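Please read it alongside the sequence and the coordinates.

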Amino acid sequence: MKKIALIISLFALAWSSSCYAYDFYAINRQGDTIYYNFGQNNTVEVTYCNTYYADIDTGIYYHGEIVIPDTVEYQGKKYAVELGKNAFSYCKQLTKVVLPAHVTIIPQYCFGGCENLTEVSGFQRLVRIENGGFGNCKK
């Protein structure tokens, strides 16, 4: 009986810790919480904050205007910020995003379903918009 309880407890712990799609979060200068996953070569990627891209039920999602910083510091180390796949998918209340100047790629479905997104600015070196990068953006 104790083995079953231990197995169930371990399963629950593993499941609950995997409910979030991010490695860490940081607050930008404007007071917005931005979620990140570790990338390659001292980079991090902006990601969504829950298992569902825009968790409207809990209010945890990107909305309004978001300024993505060029770099972010985590545990004393500085990382260059890139965009991740689905980072802002279905954030229907997102209206404006200011990207780091060094961003070169808008990944797959990064802004897919952002119905009220009217402006994306800040980038200076954009070379590619991947499939669905702005899919179903109405404005």
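The sulfur of Cys114 lies 5.2 Å from the closest cysteine sulfur, that of Cys137, which is too far for a bond, a disulfide being defined as a pair of cysteine sulfur atoms within 2.5 Å. This is a predicted model, in which local features need pLDDT of at least 70 and side-chain atom pairs count only at pLDDT 80 or more, while totals for chains, interfaces and linings use all residues. Residues are numbered from 1 along each chain as its sequence is written, and side-chain values use heavy atoms, with hydrogens and water left out.

**Cysteines**

- The structure holds zero disulfides, and for Cys110, which is in no disulfide, the nearest cysteine sulfur is that of Cys114, 7.9 Å away.
- Cys114 counts as buried at 0% relative accessibility, and Cys110 is likewise buried, with a relative accessible area of 0%; here buried means under 20% relative accessible area, exposed means over 50%, and partly exposed lies in between, with a 1.4 Å probe and protein chains only.

**The five-stranded sheet**

- An open sheet of five strands has the order β1-β2-β3-β6-β5 with mixed pairing, where strands are DSSP runs of E with at least two residues, numbered from the N terminus, and two strands pair if DSSP finds at least two bridges between them.
- β1 (24-27) and β5 (71-74) stand at the edges with a single partner strand each, so one side of each is left without a neighbour in the sheet.
- From one strand to the next the twist averages 45 degrees, with axes fitted as lines to C-alpha atoms and angles running from 0 to 180 degrees between N-to-C directions.
- β5 runs antiparallel to β6 (residues 77-83), and four bridges join the two strands; Thr71 has Ala80 as its bridge partner in β6, while Tyr74 stands opposite Lys77 in β6.
- The hairpin formed by β5 and β6 has two residues between the strands, and Gln75 in the turn has a positive phi of about 50 degrees.

**Thr47 and its surroundings**

- Thr47 lies in strand β3 (residues 43-47) and counts as buried at 5% relative accessibility.
- Leaving out residues up to four places away in sequence, Thr47 touches Ala21, Tyr22, Tyr35, Tyr36, Asn37, Tyr62 and Ala87, contact meaning heavy atoms within 4.5 Å.
- Between Thr47 and Ile34, which are 13 residues apart in sequence, the C-alpha to C-alpha distance is 7.9 Å.

**The three-stranded sheet**

- A further open sheet, of three strands, has the order β4-β7-β9 with parallel pairing.
- β4 (64-67) and β9 stand at the edges of this sheet, each with a single partner strand, so one side of each is left without a neighbour, and the twist averages 15 degrees from one strand to the next.
- Four bridges pair β4 with β7 in the parallel sense, and Ile66 stands opposite Val97 in β7.

**Aromatic rings**

- A search of the whole structure finds twelve aromatic pairs, where rings of Phe, Tyr and Trp (its six-membered ring) pair if their centres lie within 6.5 Å, and planes under 30 degrees apart count as stacked, over 60 as edge-to-face and the rest as tilted.
- The ring centres of Phe38 and Tyr74 are 5.8 Å apart and their planes stand at 55 degrees, so the pair is tilted.
- Phe38 lies in strand β2 (residues 33-38) and Tyr74 in strand β5, so this pair ties together parts that are 36 residues apart in sequence.
- Phe38 is partly exposed, with a relative accessible area of 39%, and Tyr74 is also partly exposed, with a relative accessible area of 25%.
- Phe88 and Phe111 form a stacked aromatic pair, at 5.0 Å centre to centre with 5 degrees between the planes.
- That pair links distant parts of the chain, 23 residues apart, with Phe88 in the loop between β6 and β7 (94-98) and Phe111 in the loop between β8 (105-106) and β9 (119-121).
- Phe88 is buried, with a relative accessible area of 0%, and Phe111 is buried with a relative accessible area of 0%.
- One aromatic cluster is formed by Tyr22, Tyr25, Tyr35, Tyr62, Phe88, Phe111 and Phe134.
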